[in-house]
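Dear colleague,

Please find below the structure that I am handing over to you. My notes on it follow directly after.

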Amino acid sequence: MQGILIIAPNWIGDAVMTQPLLAALKTQYPASKIDVLASNWVAPIYRACTEVNDVIEADFQHKQLQWGLRKQLAKDLQEKNYQACFVLPNSLKSALIPWLANIPFRVGYRGELRFGLINVALDNPSKVNRPPMVEHYLALGELLSHGELPVARSLTPKLNVAATASQSINKKLSDANIDPNSVFVFCPGAEYGPTKRWPAPHFAALANSLAHTHTNAHIILLGGKGDHQLAEEILQQSQNRANIHNWCGNTSLDEAIALIGAAKAVVSNDSGLMHIAAALKTPQVAIFGSSDPAHTPPLSEMAKVLWLNLPCSPCHKKECPLGHLKCLNDILPQQVFATLNTLL
């Protein structure tokens, strides 16, 4: 199979967890060229995947059909003569482009009235007993190989830092007078909602403990523009503000990948940046609240998960239905600090 197209998921964490599928396909079809069609938001993940030949970026907007854009992309892609396309999101609109591009094998999960658009399909698993996401994506690869994907295929995502991103982040660190060997990264945000965000006062208390015992440490608060105010709250509640830096919204995702790869350790919520840290094998503490670490764990031997497993969790709600958010409030800074020290 010479040409394979991947329609990427829309979330950073999901994109990271597709890398083992790319690796399995590349092993099964070593002569193939694997291209990825991705939104601008997740495209950097695929630039960090060595299996990918070309990343085709598109300005996809959330919950918009963008019919004209999809027709034009299909026209451009048809000229590349892909033999197969793996449609990883479950939406109808994500299946339109490979169908319009006349790609013969259009592989994906059934869902959202995609009959015909997807012609090599699996049933979606039940929401009650969902498999880990890496296995969810890997299962699609077996459809074209009749179950012959390599037995020793990896279930652990792996990313590589681009040289240009590494150079860019080293310059930022130098400009800020930060020793690259002293960097700890805190990722206080989570796009999903408050039930995935460890409280800002807890992050501030952790920063104080870390600064007290590691006097040369520089803590970089990392995330998107939407996390900037949250990071400011952490900064204002911290004692050693000179060594705490709010970079939320001030780095590209390519640079964030490079910074996480260079960090001594990462503390994060269940977020896309958590999965990036795992794929880079950076020591990390991953804090879970309303979500399920059995379904979306950080897949790394260098990761420690903290989850209280309360009777009310995982609820998968964006707001705490009981109003107390004990699943996160009761994970204390001292516990996170002690866990972090086991990794250093």
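This is a predicted model: local features need pLDDT of at least 70, side-chain atom pairs count only at pLDDT 80 or more; totals for chains, interfaces and linings use all residues.

**Two helices and the overall fold**

The axes of α10 (residues 253-262) and α11 (residues 272-279) cross at roughly 50° and come within 9 Å. The crossing is right-handed, that is, the near helix is turned clockwise from the far one by less than a right angle. Leu-253, Ile-257 and Ile-260 of α10 and Leu-273, Ile-276 and Ala-277 of α11 make the contact (heavy atoms within 4.5 Å). These residues comprise 6 nonpolar, no polar and no charged.

Turning to the whole chain, there are 13 helices and 12 strands (DSSP runs: H or I of at least four residues for helices, E of at least two for strands). The radius of gyration, taken over C-alpha atoms, is 21 Å, close to the 20 Å that the globule rule gives for 344 residues, so the chain is as compact as a globular protein of that length (the rule is 2.2 Å times the number of residues to the power 0.38). Of the 344 residues, 52% count as buried, meaning under 20% relative accessible area with a 1.4 Å probe, protein chains only.

Residues are numbered from 1 along each chain as its sequence is written, and side-chain values use heavy atoms, leaving out hydrogens and water. Local features need pLDDT of at least 70 and side-chain atom pairs count only at pLDDT 80 or more, whereas totals for chains, interfaces and linings use all residues.

With kind regards

Technical notes:
Axes are lines fitted to C-alpha atoms, for helices over the stretch in contact, and angles run from 0 to 180 degrees between N-to-C directions. Ala, Val, Leu, Ile, Met, Phe, Trp, Tyr, Cys and Pro count as nonpolar, Asp, Glu, Lys and Arg as charged, and the others, Gly among them, as polar. Buried means under 20% relative accessible area, exposed over 50%, partly exposed in between (1.4 Å probe, protein chains only).
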